[in-house]
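Hi,

Here is the structure I promised to pass on. Please load it first, then read the notes below.

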Amino acid sequence: MSTRAADLITLGLRIRHFRAERGFTLDQLGEQVGMAGSQLSLIENGRRSPKLSTLQDIATAVDVELTDLLKNEAPNTRAALEIELERAQRNPLYGALGLPRVKMTKGMPMAALESLLGLHRELARRASEAIATPEEARRANTELRERMREQDNFMPDIEQLAEDRVRASGHVSGALTHREVSVMAEQLGFNLIYVNDLPGSTRSVTDLVNHRIYLPPASIPGGHGLRSMALQAMGHRLLGHERPGSYAEFLWQRLQINYFAAACLMPQAASVAFLSHAKRERELSVEDFRDAFGVTHEAAALRLTNLATSHLDMPLHFLRVTGDGALQKGYENDDLPLPADVTGSIEGQFVCKQWSARSAFTHTNRTTEFYQYTDTPAGTFWCATQTGATDAGEFSISVGVPFVQAKWFRGRETTQRAVSRCPDESCCRRPASEVSSRWAGKAWPSARLHAHVLSPLPSGTFPGVDDTEVYEFLEAHAAE
Ligand SMILES: [Zn+2]
């Protein structure tokens, strides 16, 4: 859509507005300026560019200054909607649908106008969201992880912002209460409103006109999730976010609001005091940190990655792995060799079967953390893993450190040890040769489609399928 065409639509509507105000029909005004009503109609519809002399005649006929006629703004609210709708209808995005253009008439109800416009806006929003290809998304994710690794996953500005807002809410210590979160919203001039009909694709919606933040129903009163979502919504406002122009920017904003929410729920000063004390006592544990601040295990583990290097002088890693061994989220600044594809992307890659993140699934007592020392080509790591389950299946959350740092953690005395040779494929990615020779070419697995948009496709003989697991499965069942 060129500016010129956009300007013509506005100009046309301004002419129509002043003509209607004077009570002229198209033909009546046409007569005064020496042109057919049908020609004037084309100008009013923004389909024809009028000569300057014609414009001067029109201005004189409707008794306004030429500059009034040429102002690049809608003459009234309705016209503004009409202009936006007309522009949307001329957009190739709409054209591609092969649907007719709706001609806007005076008789068209405002509700119809608003409804059409709402659909156009949603169409544009979805189109811009879908623009990120999986490749772009992966690249953006990888760049973001590398950027955060360089700053040890620590963002001092957001820490300060969170600290200030939390203090202003009257919060003193312990878990940030739901009430305190509400106060924070009020101090920002917003009300938190819980609704049952939030759009499925949103986590929260902020009404900037009526200053409301809509959140899903408070099914678990004051639950961590709700406080976090409310804080994330406030984060957008406090961090001055504008509509993201790219997928990378979208990810960056999301990371910032997640960081802000976590820094409010586990404020820097209180968290560092808690963790430093635990370190001195050699009792560091994600479990205790989680319970002290009333957050999820994952939130506490991630928060530890923000503070451990910057304040406890300790490199570390974090992994969220699904039941099938795929890495959903990962961070390391301790040189743990994370599995990655050729582009450096880690999301959806399978982590070594020997790692605590996976062996914890086979552990019988899952109520407490599982501890393990793992020898890798990059050295020995100590890890603590907590498993859990959602509707989407099992997952594990791991936090680990290089061997020399294990002494600060509870669980360092574990006798659980494993050896991982990954990325050497003979470690756990290649079936034992006799099993392989027995089943190669005689197995036909059907891949489960990964819900994860960033999951890689080909790996092994069948896309998305782990050969070893298939062969071992067949081996076990063939004997029955
Ligand atoms: Zn392995």
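This is a predicted model.

Helix pair first. Helix α2 covers residues 26–33 and helix α3 covers residues 37–44. Their axes come within 8 Å and cross at roughly 100 degrees. The range for roughly perpendicular is 65 to 115 degrees, so α2 and α3 count as roughly perpendicular to each other.

Which residues make the contact? From α2 they are L26, D27, L29 and G30. On the α3 side they meet G37, L40, S41 and E44. By class, this contact holds 3 nonpolar, 3 polar and 2 charged residues.

Now the metal. Four cysteines coordinate the zinc ion through their SG atoms: C352, C422, C427 and C428. The distances run from 2.1 to 2.4 Å. Angles among the 4 donor atoms are 94 to 115 degrees, and the site is tetrahedral. For reference, the ideal angle for four tetrahedral donors is 109.5 degrees.

The donor spacing in sequence is C-x69-C-x4-C-C. C352 sits in the loop between β5 (327–332) and α17 (356–359). C422 sits in the loop between β9 (417–419) and α18 (433–439). The pair therefore ties together parts that are 70 residues apart in sequence.

Are these two cysteines, C352 and C422, buried or exposed? C352 is buried, at a relative accessible area of 1%. C422 is buried too, at 6%.

Best wishes

Notes. Residues are numbered from 1 along each chain as its sequence is written. This is a predicted model: local features need pLDDT of at least 70, side-chain atom pairs count only at pLDDT 80 or more; totals for chains, interfaces and linings use all residues. Side-chain values use heavy atoms; hydrogens and water are left out. Axes are lines fitted to C-alpha atoms, for helices over the stretch in contact, and angles run from 0 to 180 degrees between N-to-C directions. Helices (H or I, at least four residues) and strands (E, at least two) are DSSP runs, numbered from the N terminus. Angles under 35 degrees count as roughly parallel, over 145 as roughly antiparallel, 65 to 115 as roughly perpendicular and the rest as oblique. Contact means heavy atoms within 4.5 Å. Ala, Val, Leu, Ile, Met, Phe, Trp, Tyr, Cys and Pro count as nonpolar, Asp, Glu, Lys and Arg as charged, and the others, Gly among them, as polar. Donors are N, O and S atoms within 2.8 Å of the metal (3.2 Å for Na, K and Ca); water is not among the atoms, so sites may look incomplete. Four donors count as tetrahedral if all angles lie between 85 and 135 degrees; four count as square planar and six as octahedral if opposite donors are over 155 degrees apart and all others between 65 and 115; anything else is irregular. Buried means under 20% relative accessible area, exposed over 50%, partly exposed in between (1.4 Å probe, protein chains only).
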